[in-house]
Amino acid sequence: MSSSRNISEREQLDLFRALPGDLAPRDAQDLMAYPFFSLAKSKRLAPINFKAGSIVIRVEAVPEHGMATIWDADVLIWAASQIVEARDAGLRPSRLMGTTPYEILNFIGRGVSLRDYDRLKAALDRLQSTTIATSIRQPTERRMHRFSWINEWKERADSRGRPLGIELIIPDWFYAAVLDDALVLTIDRAYFDLTGGLERWLYRLVRKHGGRQEYGWSFDFIHLHAKSGSLSPLKHFAYDLRDIVRRQPLPGYRLVIEHPPGGAERLSFAPTDLDPFIRAPRRRHANTRPGDKL
């Protein structure tokens, strides 16, 4: 037998140890634009099936852990932030990352109690057991990339059993997206303070599509419902959207509900702190329905 036959993925990767300090939070645009996570705090087993043009996404969960949630995705934001920071500093990042639960929890604004540590481990289990198949960044719609958010993770300890931290391996699909400048955005740290799954998802969508455009962007409610992957009926989804607009919880953006004559109810959003040197070339006409095909 070949001695190299049983070489594990871990042995082929260099370990990247997490950088200290208060790093800027970065998010992968693909994860911001499409339905990849459960928005509910209760266990979700029903798969997500999404198709728009050439984009196909299927997300599946296992009964033991349930689907990875949008709160679990904070771990991926931590990973993306580490990788971008290391690359920009001239360091060599890797898909094999070493860190401590404290570092992750502190970065994503969580507590560091035993209960918080247990919740982080449960999140890692969901990220590892949730499977995704998507045509995003594939040559044709028929070619699908299949992966889990975390290939594997493990706790490390010394010879006396004292904890030394954790190691995790992120998938190629996510790693390639994070290394591409055009596919990563900096997000507001206040994002981690958002408590609702729908408002967290909405912030990421708004940040992705609204960006810093002076006159913002808009989607109709039906399109938003499809992009969310939510199991909530459209009627309830719309009610929750209106409540978010009433509360205005999204950092850096102003939300408005529009009722075009003879058209569907729409959510419009624009940045509240636009850089004065950034100017859109002209106001978008309401009839262009920007973003509906995205």
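## Overall make-up

The protein, which is a predicted model, contains nine helices and 13 strands. Of its 294 residues, 48% count as buried, and the protein exposes about 15,000 Å², of which carbon and sulfur atoms supply 50%. Among the contacts with a separation of 6 or more, 66% are accounted for by residues 24 or more positions apart.

## The largest nonpolar core

The largest nonpolar core of the protein holds 79 residues, and the members that touch the most other members are F36, F37, W149 and F174. Helix α3, which spans residues 74-88, provides the largest share of this core, with nine residues.

F174 also belongs to helix α6 (residues 172-179), where the buried residues are W173, F174, Y175, A177 and V178. When neighbours within four places in sequence are left aside, F174 is in contact with A28, L31, L76, A79 and A80. The cover over the buried residues of α6 includes the helices α2 (29-33) and α3, together with β2 (26-28), β6 (131-134), β7 (145-148) and β10 (184-186).

W71 lies in the loop between β4 (55-60) and α3. Is this residue, W71, buried or exposed? With a relative accessible area of 14%, W71 is buried, because buried means under 20% relative accessible area.

Leaving aside neighbours within four places in sequence, the contacts of W71 include L39, A40 and K41, as well as R110. W71 is also in contact with L194, T195, G196, G197 and R200. The C-alpha atoms of W71 and I108 are 9.6 Å apart in space, while the two residues are 37 residues apart in sequence.

## Packing of helices α8 and α9

Helix α8 (residues 221-228) packs with helix α9 (residues 234-247) at an angle of about 100°, and the axes of the two helices are 10 Å apart. That angle makes α8 roughly perpendicular to α9, because angles of 65 to 115 degrees count as roughly perpendicular.

On the side of α8, the contact is made by F221, I222, L224, H225 and S228, whereas α9 contributes L234, F237, A238, L241 and R242. Which kinds of residues make up the contact of α8 with α9? The residues of this contact divide into seven nonpolar, two polar and one charged.

Key
Residues numbered from 1 in each chain as written. Predicted model: local features only at pLDDT ≥ 70, side-chain atom pairs only at ≥ 80, totals over all residues. Heavy atoms only, no water. Helix = DSSP H or I, 4+ residues; strand = E, 2+ residues; numbered from the N terminus. Buried < 20%, exposed > 50% of the residue type's maximum accessible area, 1.4 Å probe, protein only. Contact = heavy atoms within 4.5 Å. Areas by Shrake-Rupley, 256 points an atom, 1.4 Å probe, with all protein chains shown as cover. Axes fitted to C-alpha atoms, helices over the stretch in contact; angles between N-to-C directions. Parallel < 35°, antiparallel > 145°, perpendicular 65-115°, else oblique. Nonpolar A, V, L, I, M, F, W, Y, C, P; charged D, E, K, R; others polar. Core = buried A, V, L, I, M, F, W, Y, C linked by side-chain atoms within 4.5 Å.
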